[in-house]
Amino acid sequence: MKILVLVKEVPDMERVKFDSERGVVDRSSAEAEINPFDESALQAAVDLKEQLRTQEGARAGTRPEGDTEAGSHAETEEPAEITVLTMGPPRAEKSLRDAYARGADRCVLLTDRAFGGSDTCATARTLAAAVRRLGGFDLILCGEKSVDGDTAQVGAETAEFLGLPHAYYAEKISLSVAEAFVTVENLGGRKQIRRLTLPAVVGVTKNIASPKLPTVRRKLESLEISIETIGLEDLNGLLTADETGFKGSPTKVAKIRVPEELQKENLLIREDADRFIRVVGEKLVERGIIQEGCR
Amino acid sequence: MREQIIRELIDITGPDYVTADREQIQSYIFDQVEETYRPEPSRDFVVVKPGRTEEVSQIMKLASREKIPVVVRGGGTGLAGGCTPIYSSIVISMERMNRIVEIDADNMMAVLEAGVTLMELLTELEKYEGLSFPVHPGDEGAQMGGMAVTNAGGARAVRHGVMRKHIMGVEAVLPSGEVLELGGKLIKNNAGYNLTQLLLGSEGTLAVITRVILKIYPKDKYSATIVAPFPHFENACRAVMDILKSGSVPLAVEYMDKRLFVGTAEMLGLEWQAKEGDSDLLIILSEKTEEQLYNSVREINEICRKNSCLETLFAGKKREQDELLLVRSQHYEYIKNDICDSFDMAVPVSQVPAFIGDLKHLAEEYHTGTNVIAHIADGNVHNDILYVDGKIPNYAAELKQRMYDACFSHGGTITGEHGVGKIRVNDLLRQKDPAELELMRGIKKVFDPDNIMNPGTVI
Amino acid sequence: MMGGENSMKNENGFGGILVIAEQCGGEIHRVSYELLNKASGLKRRPDTALDCLLLGPAGLAAQELNFRGADTVYYIQGEEFEQQEELFYKENIVDFIREKKPETVLMGATAFGRSLAPRVAAALGTGLTADCTDLQLDEDGRLIQIRPAFSDNIFAHIRTAADPQMATVRYKEFREAKRDEKLPVKIEVRRPCRSADVLSQVVENIPLGDLDISEAEVIVAAGRGVRRKEDLEMLSELAQALGGQLGVSRALVDAGMAPSARQVGYSGNRVKPKVYIACGISGAPQHLAGMKESDMIVAVNTDPSAPIFRLADYGFVGDLYEIVPQMIAAWGKGGRQADRSGRPADDEGTADGERPVESAEGGLEQ
C-alpha cells in the first residue's frame, strides 16, 4: 500500500499578525508549521500503516508451517509506505522534516520559482502532475482545508485533475484491497458512509486522528535527513509553465483588506428593556440570526 | 454594613462601583481554596471598586476612621483564602485599576496598575517585539497586585525565580490613607530598609498595593517540552539533579504521579502518550535560537537516557505544549472530589526524593493514598489528604502534622508558593521561631496599628 | 437562456448568471434563496438572465425558485441526486454549464457545496472563489469576489480571468430573496446523464448526534445569576430560538447545575460565536478569556460594574428573570431555528401558513 499525504505549510495561526494599514499578512510574525488538518491526515496515514502491519502480522502468524521464507519476508517488509508531498518555497522543507519526525517514510518538496503565485487551480494542477510523476499511490490524503487560505479546494481539484474520486470531511477510513470505506462527518446534516474505488483522494477532518507527539529520537533524526525536490523541469510532459504559477491561475487577488479592530459600541442600557430588545434585535437581524419583522 | 459607610463609599467612587447586594457580592467571597478548607466567610461586607489610587486612599481613611477591616481582592486565583472576608469588611476589588501605565523598553520595566491581569500584561507585551514576563502561576486571570503581594511562584521558578525577584518598586496605600512610592526603576538601590520587599508576600496585611514596577525580559523565541518517562521515581529524581548541574537550565520541570497524567488526560478527552514507565517528567525548555534549543534537547535527552529513561516524546508546537500543560494544570479537576486538604510544601531540591518517599510511606501507614504533584526542580511539592468514605478522616490533623514534621526534617517550609493566607495561620506557628513571629507581629503593628488590614491572615 | 442576444454575451461567449440550487431530504436548501437574492444585484443589465439549476429527485418545489427570482429553473430530475455524491453531480453540472455558458456561477458554501464546487471548477478549467462573504460588480461588470481568509482576519478581493467565474457563498451571509408568487413559473425538466464508471458510492446515511458548543454560531450563556437548575430551561429556550447553544460559567458547573461540556472559559471551551449573550455572568477573567473573541457580545447583569459590561457591545442592567422572557417573546418567532446540521426548519413556510402546491408549467410531480 502506498499512501501519499499532501501537506501545506502555514503560519501558526495563534501567533500570526496582520497589518491593516498595508493590507498584508506578516508571515515573519509567526513560525511556519504543517497545516493542522494535514497533520491529522498524516496521523491517519500512520495509523493506517500500523493497522496494516497488525493485520499482516496476524496473517503471517496463520501461515502454514514450513513457509518460513515468506514468513521472514513479511517481517522485514513494511506493509505501507507513507510519502509526504508539499508545494512551497525551499524553506517549507522544515515542515517536511517535521512530517518525518511524525512518521513519514519519504518527504518530497515541490518547489520552483515558476510555481510562485499559484491559485488553488494552478496548485492542484501542479500537485496532480507531481503525483503522476511520483506514481503508484493507492490512497491520497489531505486535510479538509488549510487554516490560512481556508478554501478547502485543492484536495477536490487535485482529485479532478487526476480523474480520481474523492470524499471530504472524512472522520474514519477503512481499507480493503481495492476500496476504501470512508465515514463522512457531516454532509447535508447527516453522516455518510462512502465507498471509494482506489486510488482515491480523501480530505480528512481533525476528528480522524489526533496527531501524536513525535519521539525525541525521531525529531533529532529529522534534522539530518535529506529531502527530495521536484521542480518544473522534473514534470516535463506533465505540466507546462503556462499551467502553473501566476500565469496558470485563473483567479487573481486584486487586493487584501485587513479589517481594523472593530471599536466596541459598548452601549449600556438601564431600565429601558424595550430599547435594549429593539437595538439588539436589529443587530441580530443584521447578522442573519433572526428574520426581519421582529423587534 | 452600615448604610452610612455605603453612602460614603458611594461618594468616593460613584454608585456603580459600590455594592452590598447579597447576590452581587457572591462572586467576591472566595478564592480557589478547596471547599472544605475555605475560611468561614462573613456575609456582611460591601464591595467597592476604586478606579484611582486617590480613591483607594480615601477608602482607607474611611476604614481607619471607622476601624472597619479591609480585604483587598485581586483576580481571586489564590489558594490560601487570603481574599475571603471573615469579618464584616470593606472588600476592595482592584479590577478597575487595570491600566498599563508604561512599557519602558529601554529600562526593560513595566509600570502597571495593580488590577492588570497577567493575561492583559502578556497581551500587551506581545505588541512589543520580543518582550515577555516569565512568572506564571498557572491562571492568567491573576492580577499584578495580587501576584506581588502574595509573592506568586509557579512552574517557571526553576529558571526565573518567583515574583519577588521581578518587582522593582510599588505604589502602596497605608491604612492611614497615605500614599507611598517605594523603590523605582533602579537596578541598584541601597538606601535603607527595603520596604518594597517587605510588602511582597505580606498578603494584604500591611498596605494596599496600587501600582507595581515590574522587570520585563527579552522573550525566548523557541520552546519545546520533553515528556520523559522513567521506570522508577528515583531515576527521574537523579535525572533532574543531573540536568540542573548540566547548565542547561530548563524553564520548568514538572512531576506528577503517572496515574494523574493518564487519568486527567482521559477526563479531558485526551490520551496520555507516554505509555510505558512509572514516573514521567515534563521538561520545558526555552531558548533564544532554534540551535540552542535543539542542543539543550540533545543534552537533556542524553542525561535522561543515562538515567534509564524510556522513549522520550517531543512537543514543539505551541498547541502540543499547551495540551501537555493543560493536563498538568487540570489534574486538580480530576482529584478534587477525593481530597480534603492539599499542601504546598517545599524542600531543598536534593531532598525531594527522600521527602516524597516519606510522604508515600506516611500515606501507606494510614492505609490511604496521596497524590504527588511537584515543581520538582525547585523542590516545591504538592500533595494531599484524601477523604475516607466522603468524610474528613479522624487522623487528618495528625497526618498533616507528621507530613510537616517530615518536611521540616528535610529543611523545608510549609508553603513554597501559595502563602499562609487564612488557612495556614496555625501551621506557621509550627515552623517559625517565637522570636521571628514576634518581629512579624511588631512589623504588622507599625504599618497597621488598628489591625484593619486583612485581619486573620498570615499572623 | 443566458440572454438570447449576442449582446448579452461577453467576448468569450459567456453570459448571464446561474445559481446552482441545493436540495437535501426533499427540500430546497435556503442558501439557494440567499444566492438568488444576491445574484439579482449582480446583473450587468436589467435584462441579464438569472437562472437556476436544480438537481434532485422528482417532487421538489422547483417553482419556489421562480418565486424567489429565478427566470428559468432547469430541473435535472434523478433519484440518484438524493445521495450527495460529488462525481454524479459534477458530471451533470459540467455538461449543463458547457451547454449554456453562463458568465457567473454561484453555489452555496455548504459542506456539500464546498466539496462539489472545486471539482466542477477544475473540470471546467476555471477559477473558483470559495466561501465568499460578499460579491460586487466592477466597472466592467465582472465579479469582485470577497472572501475571508486567515480565520477571518483578512478579506481578499478576488477576480477571475476565465469563464465562467465561479464562487461559493457562505450560508446565512445574505438575506433570502423575497418570495413573490406572482412571478412567472418557468421550469424545464431534464434527465440526468451518467457516462463514467461509478467510482464513489454512498453506502449509508446516519443522522447526526450532538454538536459541541465551540461550533455554535450563537451562545446564550448562564452564570451565577441563575438561581435554580430548572431556570436554565428559559435560557435554553432563548438559545434555541436563536439557533444556538446554551453555555455556562464555571460557577454553574461547580454547583453541579450543568455539565462541563457546556462550560465556557479559560479552563472550559474557548468559543468564538457570532453572538454571545451572557446572562447573569459577572465576567471573571477566566470566563472572559474563553469568550472575548466573540463577534458580538451582549450582557445582562444586575450589577452595573460587572466586568462583563466592559467587553459587551450591548449591555442591559437588570434582572435576567425579567428580560429573558421578553427576549424570547420578541426574537423567538423570528429565529431561524437552524437545527444541528445547519439545515433550517421551515419557519418561513409556517409563517406564511401554507406551502405552494399548484403544478407549474414545467410539470411538477407531486
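Helix axes here are lines fitted to C-alpha atoms over the stretch in contact, and angles run from 0 to 180 degrees between N-to-C directions. The model on screen is predicted.

**First stop: two helices of chain B.** Select residues 3–13 of chain B, helix α1, and residues 53–66 of chain B, helix α2. Their axes come within 9 Å and cross at roughly 160°. Angles over 145 degrees count as roughly antiparallel, so α1(B) is roughly antiparallel to α2(B). The crossing of the two helices, α1(B) and α2(B), is right-handed.

Now show the side chains where they meet. On α1(B), pick B:I5, B:E8, B:L9, B:I12 and B:T13; on α2(B), pick B:E55, B:Q58, B:I59, B:L62 and B:E66. By class, this contact has five nonpolar, two polar and three charged residues.

**Second stop: the sheet.** Stay in chain B and colour the strands of an open sheet of seven, in the order β15-β12-β14-β13-β18-β19-β17, with antiparallel pairing. At the edges are β15 (313–315) and β17 (345–346) of chain B, each pairing on one side only.

Within the sheet, select residues 222–230 of chain B for β12 and residues 279–287 of chain B for β14; nine bridges join them in the antiparallel sense. For one example, find B:T225, whose bridge partner in β14(B) is B:I284.

**Last stop: chain C against chain B.** Display both chains. Here 13 residues of chain C are in contact with 17 residues of chain B. The chain C side of this contact has six nonpolar, five polar and two charged residues.

Key:
Residues are numbered from 1 along each chain as its sequence is written. Chains are lettered from A and ligands numbered from 1 in the order in which they are written. This is a predicted model: local features need pLDDT of at least 70, side-chain atom pairs count only at pLDDT 80 or more; totals for chains, interfaces and linings use all residues. Two strands pair if DSSP finds at least two bridges between them. Helices (H or I, at least four residues) and strands (E, at least two) are DSSP runs, numbered from the N terminus. Two residues are in contact if their C-beta atoms, placed from the backbone, lie within 7 Å. Ala, Val, Leu, Ile, Met, Phe, Trp, Tyr, Cys and Pro count as nonpolar, Asp, Glu, Lys and Arg as charged, and the others, Gly among them, as polar. Angles under 35 degrees count as roughly parallel, over 145 as roughly antiparallel, 65 to 115 as roughly perpendicular and the rest as oblique. A crossing is left-handed if the near helix is turned anticlockwise from the far one by less than a right angle, and right-handed if clockwise.
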